[in-house]
Amino acid sequence: MADEKIPAPVKPAAKGYKFKNNAEQVMHPVLGALTVEHLKNEKVIAAIKKLDEKKETKGFFEAMIVSA
Amino acid sequence: MCLLSASYDGTTACPPPAPGLDAQYLWLINRSQVTFTGGSNHLYTDITLSSGADLYRWKFHKKGFDSTEEATENETTGAVSWAQSVTGRILDLSGAAASKIDSLRGTDLVAIVKTKAGRLLVYGSTGEGLRLKANTANSAADSYGETVTLGNDESSAKYYEFLDTDLATSIAALVALEA
């Protein structure tokens with residue numbers, strides 16, 4: 001019996017983000033000035049979402065950020 | 001005898017940096033649960049908490065939120081140490097406020113504050129952590145609330161700055177560790 005070839009699991013593509021309207025920079029109420037470079041940083045994305053969850057910022061992620 | 005090996009060219013920022021602390025940002029950490037990476041030139045570049053530990057953010061009234069550091073020379077040995085303190089006031093007189101203040105008793109803390117000039121300063125990370133040094137509850141209009149001073153007497157080094165890439169990334173790193 002021929003060896004069954006098991007396909008390697010497909011890795012999901014890394015999620016990228018950008019600001020709405022392709023803005024280069026936005027001001028976050030807690031983190032301060034954010035550039036598109038910050039959106040590549042997982043820590044920054046996690047912090048934005050956490051502040052939204054804690055209601056310290058009101059829907060900043062949804063209002064300002066979209067998938068690239 | 002120690003030899004000086006550094007010069008200082010003065011501040012070239014124009015306008016000069018804004019004085020004072022941003023009252024929305026005081027992070028407190030149990031000293032036994034935090035590790036900072038870096039340290040040369042009094043600069044930490046990363047922060048790690050032990051498993052299950054959190055950062056706790058306190059927000060104070062904008063008036064009277066200050067940090068200080070004062071050097072003292074030991075008359076006998078000539079060794080220099082620093083007394084550090086962070087003072088703030090919460091505009092609240094209630095059981096909840098009293099309970100929050102009470103939770104500071106007996107702790108050994110590291111404090112991170114944000115200056116209005118955009119620097120994150122770390123107190124209590126070397127030699128001696130900060131503890132509850134003073135607390136006044138006052139009902140008078142001009143000093144209403146709970147005023148708290150966290151401090152130490154003999155820090156073995158001056159304050160450090162925390163900078164992970166830039167200010168926004170640094171604050172994000174701290175927020176990500178908050179409770």
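Mentor: Start with the interface: chain A and chain B bury about 1100 Å² between them, 51% of it on carbon and sulfur atoms. In chain A, Leu31(A), Lys43(A) and Lys50(A) lose the most area to chain B, together 42% of what that side buries. This is a predicted model, where local features need pLDDT of at least 70, side-chain atom pairs count only at pLDDT 80 or more, and totals for chains, interfaces and linings use all residues. Residues are numbered from 1 along each chain as its sequence is written, chains are lettered from A and ligands numbered from 1 in the order in which they are written, and side-chain values use heavy atoms, with hydrogens and water left out.

Trainee: What makes that area "buried" between chain A and chain B?

Mentor: Buried area is the accessible area (1.4 Å probe) that two parts lose on being put together, summed over both. The figure of about 1100 Å² is therefore a total for chain A and chain B.

Trainee: How many residues of each chain are in contact?

Mentor: Contact means heavy atoms within 4.5 Å. By that rule, 14 residues of chain A touch 16 residues of chain B.

Trainee: Why is the meeting of Lys43(A) and Asp164(B) called a salt bridge?

Mentor: The term asks for a side-chain nitrogen of Lys or Arg within 4 Å of a carboxyl oxygen of Asp or Glu. Lys43(A) and Asp164(B) meet at 2.7 Å, N to O, so the pair qualifies. Five salt bridges are counted between chain A and chain B.

Trainee: Which strands form the open sheet in chain B?

Mentor: The order is β5-β6-β10-β9, with antiparallel pairing. The edge strands are β5 (66–73) and β9 (131–138) of chain B, because each pairs on one side only. Strands are DSSP runs of E, at least two residues, numbered from the N terminus.

Trainee: How do you know that β5(B) and β6(B) pair?

Mentor: Two strands pair if DSSP finds at least two bridges between them. β5(B) and β6(B), residues 80–90, have eight bridges, so they pass. Ala71(B) stands opposite Trp82(B) in β6(B).

Conventions. Helices (H or I, at least four residues) and strands (E, at least two) are DSSP runs, numbered from the N terminus.
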